[in-house]
Amino acid sequence: MSGDKVEESGTKTVTFDVMVAMSDNRGIGNKLKLPWPTIKKDFEYYVERVQRKSIDGKRSVNIRGRLTWDCTQEVEKYGVYNIVISKSMKDSGQLEDPKIQKVCASVQEAIDYCSSPPFCDEIGPVWIMGGAQVYEEAINHPQCRYIFVTHIYRTFEADTFFPKFEEQYEEISLDDVDGSLQQDNGLMFQFKVYKKKSVTK
Ligand SMILES: NC(=O)c1ccc[n+]([C@@H]2O[C@H](COP(=O)([O-])OP(=O)(O)OC[C@H]3O[C@@H](n4cnc5c(N)ncnc54)[C@H](OP(=O)(O)O)[C@@H]3O)[C@@H](O)[C@H]2O)c1
């Protein structure tokens with residue numbers, strides 16, 4: 001959380017990043033699964049990055065829509081603070097799930113929760129993990145900094161798509177992201193990073 005602005009009330013203006021894998025036709029999901037066969041290297045990259053703690057050892061926050069939460073593998077749910085975006089979950093009994101830190105009605109509500117004490121003092125990096133509506137709200141949010149995209153160079157049948165972001169963001173390289181063209185399970189892919197044009201660092 002270093003670099004986040006602290007108000008007198010103890011509230012912090014947290015920033016957050018987006019993680020997504022998408023195909024040439026911007027597909028991200030099909031029938032509640034990924035549209036492509038498993039890409040082990042991408043899964044490892046994604047899990048390592050979104051679960052990475054801050055330098056001072058604070059756990060990251062993973063924010064997902066309800067359907068993404070339901071179809072997320074168990075390995076992705078531990079060692080982080082999970083926030084689920086849903087208006088219906090409070091009626092479903094899923095709030096008893098000890099892996100869920102908080103259910104919020106929108107991305108804004110989740111960011112407000114992350115910005116308020118005492119939670120803002122306990123957390124490391126904040127990640128938005130989809131699906132489509134959650135991404136849409138996130139990439140247009142002023143506190144969104146980076147979008148980490150795994151671009152899979154093939155077209156797949158999909159029913160869920162990543163929104164257009166290219167006008168607001170510019171591609172950059174980061175030292176700890178291997179941006180070379182890679183291959184796994186017969187698929188060509190690339191880890192890309194985009195920065196919001198209005199973000200200075
Ligand atoms: N390729 C990738 O990187 C990636 C990442 C994530 C997901 N996916 C794929 O995407 C698909 C799931 O995404 P999805 O877009 O269909 O569903 P989703 O966003 O994960 O979940 C939709 C549900 O979340 C809640 N929700 C989402 N946005 C909301 C908002 N702004 N305000 C209030 N509630 C909101 C609602 O829950 P309630 O109905 O409970 O109110 C809504 O029904 C799956 O196929 C998954 O595999 C792919």
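Which residue in β13 stands opposite His 151? The views show a predicted model, in which local features need pLDDT of at least 70 and side-chain atom pairs count only at pLDDT 80 or more, while totals for chains, interfaces and linings use all residues. Residues are numbered from 1 along each chain as its sequence is written.

**View A. Strand β13 and its antiparallel partner β9.** Strands β9 (residues 144-152) and β13 (residues 187-196) run antiparallel and are joined by seven bridges. His 151 stands opposite Gln 190 of β13. Strands are DSSP runs (E, at least two residues) and helices likewise (H or I, at least four), numbered from the N terminus; two strands pair if DSSP finds at least two bridges between them.

**View B. The hairpin of β12 and β13.** Three bridges connect β12 (residues 182-184) to β13 in the antiparallel sense, with Met 188 as the bridge partner of Gln 183. Two residues separate the strands, and Asn 185 in the turn has a positive phi of about 50°.

**View C. Strand β11 against β13.** β11 (residues 169-172) pairs antiparallel with β13 over four bridges. Glu 170 stands opposite Lys 195.

**View D. Surroundings of Val 20.** Val 20 touches Ile 28, Gly 130, Tyr 135, Ile 147, Val 149 and Phe 162, not counting residues up to four places away in sequence. Contact requires C-beta atoms, placed from the backbone, within 7 Å.

**View E. The shell around the ligand.** Among the 28 residues around the ligand, Gly 29, Gly 65, Thr 68, Gly 130 and Gly 131 come nearest; membership requires a C-beta atom, placed from the backbone, within 6 Å. The largest share, four residues, comes from α4.

Notes
Contact = placed C-beta atoms within 7 Å.
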